[in-house]
Amino acid sequence: MQALYAQLLVGLINGSFYALLSLGLAVIFGMLNIINFAHGALYMMGAFVAYFLLNLLNIGYWPALIIAPIVVGIFGMILERTMLQWLAGLDHLYGLLLTFGLALIIQGVFQNFFGSSGLPYSIPDELKGGTNLGFMYLPIYRAWVVVFSLVVCLLTWFLIERTRLGANLRAATENPTLVRAFGINVPRMITLTYGLGVGLAALAGVLSAPINQVRPLMGANVIIVVFAVVVIGGMGSIMGSIITGFALGVIEGLTKYFYPEASNTVVFVLMVLVLLVKPTGLTGRAA
Amino acid sequence: MTVMTDDSIPVTPRAIHDEMIAFAIMTVLLAIVPLTGIYPFFVMQALCFALLACAFNLLIGYGGLLSFGHAMFLGTGGYVAAHALKVWGFPPELGILAGTAAAAVLGIITGFVAIRRQGIYFAMITLALSQLLYFIYLQTPFTHGEDGIQGIPQGYLFGFLNLSNATILYYVVLAVFLFGFLVIFRTINSPFGEVLKAIRENEPRAISLGYKTDQYKFIAFILSGTLAGLAGALKVFVAQNASLTDVEVDMSGLIVLMTLVGGLGTVFGPVVGAFIIVGMQQYLSGLGQWVTVIQGTVFVVCVLTFRRGIIGEIAHYLRRSL
């Protein structure tokens, strides 16, 4: 049973990353109509920024949790201003191709300087150790990742669904021209949205650094799983992304316990099943 | 699907005439390669990728469907052909047939799932399916995991053509490439191809005209997958191995890049693109991971400034369809 709970926890952690990443993808897709293939590479950059902060500037985990998403978010906004914005009005596919190219560039550069092996990033002192819950040993850092990710996801949901800023955002998604006529700077909002989505990816990167080490290709496979998550959940609903992300992480964890050979593929198999039963994805709207 | 097709030139008898002339030039150029002293291995490899890119282009250029998982057909065709040749002792022609048939079956299965969604979702689904297949091939014993299937016998095609002779192999590869190319050429100039283009331009209208668009897309997907599998089976004779790199996401990206550089939706663009990208990989292979960076840069530059691709730009300049 210990092993089952441990895998369940690993599943929840992966689910946190899936949720943060698919949430960012959904937010970006809503505003920019672009599937951000560079999301995995930017997730990796988040982890690397945290690594640099610690090893070059001696800035620890807690400030990195705020600084890294901002740095990567600004980098993302520069990408949006200089490149992505020129794709407005073109076929969706060009956005996918451009961001795929960006992912190749970013990952290639990091691989050149850091190879393919993992760099260690230690757990902050405050979160070291664990507690024995009676039925399992719970490492504090892992519990922290799950809880913190959940809080960030819910805050993002609140920001988009319940605030005035979010209302403007949703309105601009539906009809940018009309929203512009109301005097709202839609292009700036698009840039900030991209920054927000990318920042969420970077945050997931920082959170994962102490668990999965810091590797140039850490995001390359994750992004494909997240695509499958997005196909399963649909990008129509923020809450849908969050729930699907966590749920699929847990299912993956359970598979690791009951049938480890399929743990790599279970999310993709589920995607196939969902497409056969409900092609529009679990949360509905057709694209 | 509107932007990709601006300035698209209607297929008229004259346009087909232009394409026929271009086809003749291409065939002659490729036929004299062994006389020129160009390294034949490079050209053979490029031809396999050219066939692959043409098959991919059939979907994106004429059906408006971006498959980001075409490596799964390349890899499946390759693995099955390699296994049939090496373990089952099939003669070359049956090995190629086995690999191609396996890709066709895969096309039926994956196409059934993938065509349920359009546009961007289609791309993500095909990508996820190919990743699923990657993990399957990584774990099943017959592919030999990281090592791949190596030392594949080339054998005698139809019992008398010695494929270990580079010149003979070259002309066999060329013949298979031309066969695949003509199948695609015939398809896009057929009534079926016209309906496919109509779906790309405006799917709801095609539906309202009574076309069962899902069936057309399904058939196009299977055809494209089958021909990509043929390219994979053919590549086994050139490279004499079948490995996981052919099933990886990077390979799917490379296929997209070849077609994009040459020109999406042009008849000859994928061929030109394949030669450029394979050549680039060959000459830059000493640069290690910088090749990835350069490929990414080509992607970005093409999407931002050069969306018609090389052949697309030439065709646009000449006001011809190529």
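Among contacts in chain B between residues at least 6 apart in sequence, what percentage join residues at least 24 apart? In this predicted model, the share is 77%. For chain A, residues 24 or more positions apart likewise account for 77% of the contacts with a separation of 6 or more.

The model scores ipTM 0.90 and pTM 0.91. Chain B has a mean pLDDT of 89, with 95% of its residues at 70 or more. Residues 1-7 of chain B stay under 50 in pLDDT, and the model has 12 contacts beyond four places in sequence for this segment. Where pLDDT is low, the predicted coordinates should not be read in detail.

The secondary structure of chain A consists of 11 helices and two strands. Their order from the N terminus is α-α-α-α-β-β-α-α-α-α-α-α-α. Along the principal axes, the C-alpha atoms of chain A occupy a box of roughly 60 × 50 × 35 Å. The radius of gyration of chain A is 19 Å, which agrees with the value near 19 Å for a compact globule of 287 residues. Of these 287 residues, 52% count as buried.

Chain B contains 14 helices and four strands. Its radius of gyration is 19 Å, close to the 20 Å given by the globule rule for 322 residues, so chain B is as compact as a globular protein of that length. The corresponding box for the C-alpha atoms of chain B, taken along the principal axes, is roughly 50 × 45 × 40 Å. Buried residues make up 52% of the 322 in chain B.

In soluble globular proteins, nonpolar side chains tend to be buried together. The largest nonpolar core in the model has 204 residues, and those with the most contacts inside it are Leu51(B) and Ala128(B). Helix H3 (residues 40-63) of chain B gives the most to this core, contributing 17 residues. Apart from residues up to four places away in sequence, Leu51(B) touches Phe177(B), Gly180(B), Phe181(B), Leu227(B), Leu230(B) and Ala231(B).

At the interface, 37 residues of chain A are in contact with 37 residues of chain B. On the chain A side, the elements that give two or more residues are helix H4 (92-114), helix H9 (222-233) and helix H11 (266-277). H4(A) gives the most, with 16 residues. By residue class, the chain A side divides into 27 nonpolar, eight polar and two charged residues.

The 12 residues of H11(A) should span 16 Å at 1.5 Å a residue, and the end C-alpha atoms of this helix are 16 Å apart, in agreement. The buried residues of H11(A) are Val266(A), Val267(A), Phe268(A), Leu270(A), Met271(A), Val272(A), Val274(A) and Leu275(A). Within chain A, they pack against H9 and helix H10 (238-258).

Ala220(A) lies in the loop between helix H8 (186-212) and H9 of chain A. With 19 other C-beta atoms within 10 Å, where 20 or more would count as buried, Ala220(A) is partly exposed. The C-alpha atoms of Ala220(A) and Tyr43(A) are separated by 9.5 Å, although the two residues are 177 residues apart along the chain.

Definitions and conventions: Residues numbered from 1 in each chain as written. Chains lettered and ligands numbered in written order. Predicted model: local features only at pLDDT ≥ 70, side-chain atom pairs only at ≥ 80, totals over all residues. Contact = placed C-beta atoms within 7 Å. Nonpolar A, V, L, I, M, F, W, Y, C, P; charged D, E, K, R; others polar. Expected span 1.5 Å × (residues − 1). Buried ≥ 20, exposed ≤ 12 C-beta atoms within 10 Å, placed from the backbone. Rg over C-alpha atoms; globule rule 2.2 N^0.38 Å. Core = buried A, V, L, I, M, F, W, Y, C linked by C-beta atoms within 7 Å. pLDDT = per-residue confidence, 0-100.
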